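Hi,

Here is the structure I promised to pass on. Please open it alongside this email, and my notes follow below.

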Amino acid sequence: MSMEQLSMFGNQETYHPLASRMRPESLDGFVGQSHLLGEGKILRQLIAQDKIPSMIFWGPPGVGKTTLAGIIAHKTHAEFINFSAVTSGIKEIKEVMSQAEQSRHMGIKTVVFVDEIHRFNKAQQDAFLPYVEKGSIILIGATTENPSFEINSALLSRCQVFVLQALTTEDLFLLLKRTLKSEQGFGYLNVEISDDMIHMIAEFANGDARTALNVLEMAVTNGEISPDKTTVTLEVLRQCIGKRSLLYDKKGEEHYNLISALHKSMRNSDPDAAVYWLARMLEAGEDPLYVARRLVRYASEDIGMADSQALPLAVAAYQACHFLGMPECNVHLSHAVIYLSMAPKSNSAYKAYESAKLDAQNMLAEPVPLIIRNAPTKLMEQLHYGEGYIYAHATEEKLSRMQCLPDSLVGREYYQPTAEGKEAETKEKLMRIKEWKKLQ
């Protein structure tokens, strides 16, 4: 091994993190975002034609927002200024804009990349406006937050928003494999690491390339060094990412076992068991938004009309997880899980849809009864569309005896209310309505 290679670990003055060394300089080396950068896709065409507008990249951390901005600047022969919204104020913005304006007069384009642009206040964001409008700069902002809420409408209207997606496990697996062979990565070390362990790192990174590369770097740095290779053992990997992560494959059997245990514990009104399984999932590294999505589904599937407040509570828990992330959002999920466990249970909404779905799939061409058809044209009126329609609001009972199901399905009863919780009131009301409709 050469002294230069050794210095990557030993000499802090010349050391560059693996994530920095592996930053690609062209689209050929860029991983992911095929919906934007695949052949014929809009962003790739804009880059190829050198018609880059000011843009906002919206996506989770570690998906290549900074890297892509740098590639664009390089491809379009523009100066690239990396600007942090965390450390910069209006003074710094104006200095950079002045520099860009001078470059423009010399025929040089400037790409100003603003990381975490949502952290700028309104005045700071407004400071970019005149320069974006004049074309002094091509602004590329990066944000993990919804730009509709976090970026001024005036600035947003002058930028095209591109949504970058979290990298897939397969994307990260390929990136790590490439890194192990690359001269910029660990190609010179002859690293011995199994595909299973690479896959574990990819799973652990949860869509974040920076995290994946940092973990790989830590594992290789602490590997067993011999004259002809560096070996990464399972024990080393455990120390780098934690044993808990290796025991929890988000696509494997344990993943589904635990979410099933949570669901069935809540269904059985057992809050202690439900919170335990929740903790098992979160502490093993599960995405809290995945758990929150399952709770939203559960709120209607297993509680439904018995307590219609369960659904907005579950949606609120999802939003809280989105705002805060782990570990702070664990209490919101615990709150929701306990509430859902103790709520009255009804699967009537689930069963109603499943029953109606069978008829809808098997009887796709059943005509809408004429009485409830819309009649926006004279011809439709002549064909008796809407003839005899009764506006329920105009009746004393707020009801009518109109037939709303197709002839072949008259008498079908998909919704079968239970007597649980608030649904007992709904059941009693529905019985009264049906009795009234029978009276001719």
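In strand 4, Gly141 is the residue that stands opposite Ile56. Strand 1 (residues 55-58) and strand 4 run parallel and are joined by four bridges. Strand 3 (residues 110-115) also pairs with strand 4 in the parallel sense, again over four bridges, and here Phe113 stands opposite Ile140. Strands are DSSP runs of E with at least two residues, helices are DSSP runs of H or I with at least four, and both are numbered from the N terminus. Two strands count as paired if DSSP finds at least two bridges between them.

Before I go on, a word on the source: this is a predicted model, in which local features need pLDDT of at least 70 and side-chain atom pairs count only at pLDDT 80 or more, while totals for chains, interfaces and linings use all residues. Residues are numbered from 1 along each chain as its sequence is written, and side-chain values use heavy atoms, with hydrogens and water left out.

Back to strand 4 (residues 138-143): six of its six residues are buried, so the strand is largely enclosed by the rest of the structure. Ile138, Ile140 and Ala142 point one way, Leu139, Gly141 and Thr143 point the other way, and all are buried. Buried here means under 20% relative accessible area, exposed means over 50%, and partly exposed is in between (1.4 Å probe, protein chains only).

There is also an open sheet of three strands, with the order 6-8-7 and mixed pairing. Its edge strands, each pairing on one side only, are strand 6 (191-192) and strand 7 (224-226). Strand 7 runs antiparallel to strand 8 (residues 229-231), and three bridges join them. Within this pairing, Ser226 has Lys229 of strand 8 as its bridge partner.

Next, the helix packing. Helix 12 (residues 195-205) packs with helix 14 (residues 234-241) at an angle of about 5°, and their axes are 11 Å apart. The axes are lines fitted to C-alpha atoms, for helices over the stretch in contact, and angles run from 0 to 180 degrees between N-to-C directions. The two helices, helix 12 and helix 14, are therefore roughly parallel to each other; that label covers angles under 35 degrees, with over 145 being roughly antiparallel, 65 to 115 roughly perpendicular and the rest oblique. Helix 12 brings Met197, Met200, Ile201 and Phe204 to the contact, and helix 14 brings Leu234, Leu237 and Ile241. Contact means heavy atoms within 4.5 Å. By class, the residues of this contact are seven nonpolar, no polar and no charged (Ala, Val, Leu, Ile, Met, Phe, Trp, Tyr, Cys and Pro count as nonpolar, Asp, Glu, Lys and Arg as charged, and the others, Gly among them, as polar).

The buried residues of helix 12 are Met197, Ile198, Ile201, Ala202, Glu203 and Ala205. They pack against helix 11 (169-181), helix 13 (209-221) and helix 14. Just after helix 12, Asn206 has a positive phi of about 55°.

Now the charges: how many salt bridges does a search of the whole structure find? The search gives 15, a salt bridge being a side-chain nitrogen of Lys or Arg within 4 Å of a carboxyl oxygen of Asp or Glu. Three of them:

- Glu235 with Arg238, closest N and O atoms 3.9 Å apart. Both lie in helix 14, three residues apart, about one turn of the helix. Glu235 is partly exposed at 44% relative accessibility, and Arg238 is partly exposed at 29%.
- Arg297 with Glu301, 2.8 Å from N to O. Both lie in helix 18 (residues 288-303), four residues apart. Arg297 is partly exposed at 40%, whereas Glu301 is buried at 15%.
- Lys357 with Glu354, closest N and O atoms 3.2 Å apart. Both lie in helix 21 (residues 348-362), three residues apart. Lys357 is partly exposed at 27%, and Glu354 is partly exposed at 26%.

Salt bridges that share partners also join Arg267, Arg297, Glu301 and Asp302 into one network.

Last, have a look at Tyr350 in helix 21, which is partly exposed at 34% relative accessible area. Leaving aside neighbours within four places in sequence, Tyr350 is in contact with Arg297 and Glu301. The C-alpha atoms of Tyr350 and Ser300 are 7.4 Å apart, although 50 residues separate them along the chain.

Happy exploring!
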